[in-house]
Amino acid sequence: MIGRLRTRRGLVFVAAMAVLIAGCTTTAVLLTRDEQDAVAGDDNPLLEATSSTRAPTTRPQASTSTTLAPLPVPDPPPDDPYADVPIIEIGSISIPKINVLHPLYEGVWLTVLNEGPGHWPNSAMPGQRGNTVFPGHRTTHSRPFHNLDLLAPGDEVTFHMPEADYTYAVRETLIVVPTDMWVIDQTETPTFTLVACHPKGSARQRIVVQGDLIRTTPKAATA
């Protein structure tokens, strides 16, 4: 497994990457804000992002056609990661290799992520051109991304959305530091990125699984 994981160093760091969460403590109970802040590394890397005024940036992409719509531009992390925002379910994710079937939500506030993986606002939506980004908890709450480290190239990840099911194949697994913002860069083709804390029980690094769209299965229109 270790042979598949590689660490990228010497890259430009952007502190906003810290919002790419995950359950980083060993306890599965819901912590208060004070308790979360007291945990080494915290359960919410958003706290690291608030010390920086730099917003997420997207690498320049070479346009392949003047008819293509502009790539999405992901939002910066929320000013208050603990904001009491509406919980909006947008679909679900299935990862057969690690027995995951879990609802998906919109947003990367802790109140959202405590329910399940959250879609990074204004990253691509599943199935669209660009990089659809979903942070999620690894060791707390329902810990949907607990076994991301078991995924291998070729394993399938499917996003079940109202209009279609979008199946991606894992391309690679990376280990990065919390400020490696480049992992949410948008792409010319439909890709996905799942992010959680690493190693289990620690917020020291992030595990990042990325892959490419291989199949779209439209859903029958309902009357």
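## Salt bridges

A salt bridge is a side-chain nitrogen of Lys or Arg within 4 Å of a carboxyl oxygen of Asp or Glu. Arg129 makes one with Glu188, and their closest N and O atoms sit 2.6 Å apart. Arg129 is in the loop between β4 (118-119) and β5 (130-135), while Glu188 is in the loop between β7 (164-176) and β8 (190-198), so this pair ties together parts 59 residues apart in sequence. The strands here are DSSP runs (E, at least two residues), numbered from the N terminus.

Before going on, keep in mind that this is a predicted model: local features need pLDDT of at least 70, side-chain atom pairs count only at pLDDT 80 or more, and totals for chains, interfaces and linings use all residues. Residues are numbered from 1 along each chain as its sequence is written, and side-chain values use heavy atoms, with hydrogens and water left out.

How many salt bridges does the structure hold? There are 7. Another one of them joins Arg215 to Glu156, with the closest N and O atoms 3.1 Å apart. Arg215 belongs to strand β9 (residues 205-218) and Glu156 to strand β6 (residues 156-160), so here too the pair ties together parts 59 residues apart in sequence.

Then there's Arg171 with Glu172, at 3.4 Å between the closest N and O atoms. Shared partners join Arg171, Glu172 and Asp212 into one salt-bridge network. Arg171 is partly exposed at 35%, whereas Glu172 is buried at 15%.

## An enclosed strand

Now look at β5: 6 of its 6 residues are buried, so the strand is largely enclosed by the rest of the structure. β5 runs parallel to β8, and 6 bridges join them (two strands pair if DSSP finds at least two bridges between them). For instance, Gly130 has Pro190 in β8 as its bridge partner.

## Aromatic rings

Rings of Phe, Tyr and Trp (its six-membered ring) pair if their centres lie within 6.5 Å; planes under 30 degrees apart are stacked, over 60 edge-to-face, and the rest tilted. That rule gives 4 aromatic pairs. In one of them, the rings of Phe159 and Tyr168 have centres 5.4 Å apart and planes at 90 degrees, so the pair is edge-to-face. Phe159 is buried at 0%, and Tyr168 is buried at 0%.

Tyr168 also pairs edge-to-face with Phe192, at 5.4 Å centre to centre and 75 degrees between the planes. Phe134, Phe159, Tyr168 and Phe192 form one aromatic cluster.

How values were computed
Helix = DSSP H or I, 4+ residues; strand = E, 2+ residues; numbered from the N terminus. Buried < 20%, exposed > 50% of the residue type's maximum accessible area, 1.4 Å probe, protein only.
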